[in-house]
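The sequence and the model come first.

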Amino acid sequence: MNENSAVIEISDLNKWFGNFHVLRDINLSVSQGERIVICGPSGSGKSTLIRCINRLEEHQEGRIVVDGNELTHDLKNIDAVRREVGMVFQSFNLFPHLNVLENCTLALIWVRKMPKLEAENLAMEYLHRVKIPEQAQKFPGQLSGGQQQRVAIARSLCMRPKIMLFDEPTSALDPEMIKEVLDVMVDLAETGMTMLVVTHEMGFASQVADQIIFMDEGLIVEQNTPEEFFNNPKSDRTKLFLSQILSH
Amino acid sequence: MTIDNNSNNDKANQNIKPPPANTVGIIGWIRKNLLGGWVNTLLTLISIYILWLVLPPLFDWALLNADFSGSSGKECTTNGACWAWLDQRINQFFYGFYPPDSYWRVNLSLILLLPALAYILFENLPYSTYGRWFALSYPIISAVLLLGGVGLEGVTTDKFGGFMLNLVAGLAGIILSLPIGVVLALGRRSKLPLIRVFSIAFIEIIRGVPLITLLFVAVIIVQLFLPPGVSLDQLIRVMIMITIFASAYMAEVIRGGLQAIPNGQYEAAQAVGLGYWRSMRLVILPQALKISIPGIVNTFIGLFKDTTLVIIIGLFDILGQARLLQTNPDWMGKVDHETFLLAALFFFIICFSMSRYSINLEKRLDTTNK
């Protein structure tokens, strides 16, 4: 990959929670349009890593540069990064006091300063894209988990981010609903969005990912293309993980 | 296909039956709430018996055997209530010593309060933009009306009294204590140590001292620190203290609401790029305040009743007027119950309205079962 087209540059990243060394010497470069799946056992630091990218977590050592903005204590840079990075959470985190349409237009109106009507049109466009325009006037509490997660994706997409982060987007869903969310994510991948996805959905990983990263105990143990990763894993830890996750 | 569908529908409809007649409607309600089990039935019977003991004599005393005319207590000769004083004194109970030819100013400011409140409390009213501006400027309008200025004759606050005084002090406290409480609650959770320490100290000190002590401080001690020649109106001092006192409680009520909001809400608001203040205003506070409604209204009601403490600065609110009449030689010994009953009724009407409105508001804001 061409060095100049990297939209995320992470170098020598270290982070501690108290005394616990949660991320150790992480180096990662993500190019425009690249789709990266991050997997690993729980507690391996994979969620923390992508949460560092939009500074929901602060790192203590190393550099994170997103789209030319380095994440430091400078609030302006943090705002600039958050405008370019969308995030989808495991627990959806829709705003329960606002209806679906208002969830999508809130940041457009207050951050992007878009007129209300224009924001609503844009939001409806994205609700069509995640296939739930008919739910626009409902409140999140009235939707199924899968529908809520698709709204959450639409809410992020409305901001027209360059990068989308997914933090275990299907882990809180019933099996029937996982597919509807993954379908939306596959569609999104086909549009050329830069995506970092923390997930255990290996089918999705092999179908969509350009790179799979396997993390354990705060380290990137293995980083490879899906074919190599599944067919020819290098480290024993990866083999063990894959045997456990694919044994069912 | 169509036939199949129809027969399926028929089958489905066949299985939908109305609930048994004795579980719905008035009969269902009575069975469920009054006669559900022998304990409930017994309690219902006991309650009916107590009501039968209390209500008829009360009704006799308050209305049937009551005296409604006369110019002094001596003319109240029946063993019922003596309401003869109402005719002469009701204005004092309501307006205190406010100049009678300016009563219209109090009335007008109360009448204007209704649309102002309506525009704050209810959505979807016509001309809502103008309405909100009117509501925002209402405190200034009513201050001018009550105190004078802009061509109106000045009235000093020592003329304020009766229930109007309770309303003025209570409303001012209610309007101010909510925003101050929000700021203190956010301050107590701030990451900036100076703001956090100040908020904690303020809340704990104010909450740790009885209100009446604060009022004495306001009335007696504050004067010692003011430069000679400068004085702050007594009523304003008391209103400030009542407001501060309620704010400290309000802050803790709202902090409870803030803590109930899951961390994911803060993170989602941050992730879509809303900064701290916008996250708070648009995402966190609307939810936290909704959760806190019972506690907020509790504090409002407490504050409103605390306005009766203005008596310690020598102002005669509605309770003060009651005491004044009870010690008046013309009425002494005849009106003790009646005057307190009237004061209680005034307070109950306002407090019960606040309570009902808050229940209505909770239902309206509930987004889970719409």
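## Interface of chains A and B

In this predicted model, the contact (heavy atoms within 4.5 Å) takes 22 residues from chain A and 19 residues from chain B. Among the chain A residues, Arg82(A), His97(A) and Trp110(A) lose the most area to chain B, together 28% of what that side buries. The two chains bury about 1900 Å² between them, 60% of it on carbon and sulfur atoms; buried area is the accessible area (1.4 Å probe) that two parts lose on being put together, summed over both.

One salt bridge is found across the interface of chain A and chain B, under the rule of a side-chain nitrogen of Lys or Arg within 4 Å of a carboxyl oxygen of Asp or Glu. Arg51(A) forms a salt bridge with Glu267(B), with the closest N and O atoms 2.6 Å apart.

## Domains of chain B

An automatic or database domain assignment divides chain B into domain 1 (2–64) and domain 2 (86–98 + 155–365). Taken over C-alpha atoms, the centres of these domains are 40 Å apart.

## Aromatic rings

Over all chains there are 18 aromatic pairs, counted for rings of Phe, Tyr and Trp (its six-membered ring) with centres within 6.5 Å; planes under 30 degrees apart count as stacked, over 60 as edge-to-face and the rest as tilted. Tyr95(B) and Tyr103(B) are stacked, because their ring centres lie 3.8 Å apart and their planes at 15°. Both Tyr95(B) and Tyr103(B) are buried (under 20% relative accessible area, 1.4 Å probe, protein chains only). One aromatic cluster includes Tyr95(B), Tyr103(B), Phe163(B) and Phe304(B).

## Basis

Residues are numbered from 1 along each chain as its sequence is written, and chains are lettered from A in the order in which they are written. Local features need pLDDT of at least 70 and side-chain atom pairs 80 or more, while totals for chains, interfaces and linings use all residues; side-chain values use heavy atoms, without hydrogens and water.

Note on methods: Buried means under 20% relative accessible area, exposed over 50%, partly exposed in between (1.4 Å probe, protein chains only).
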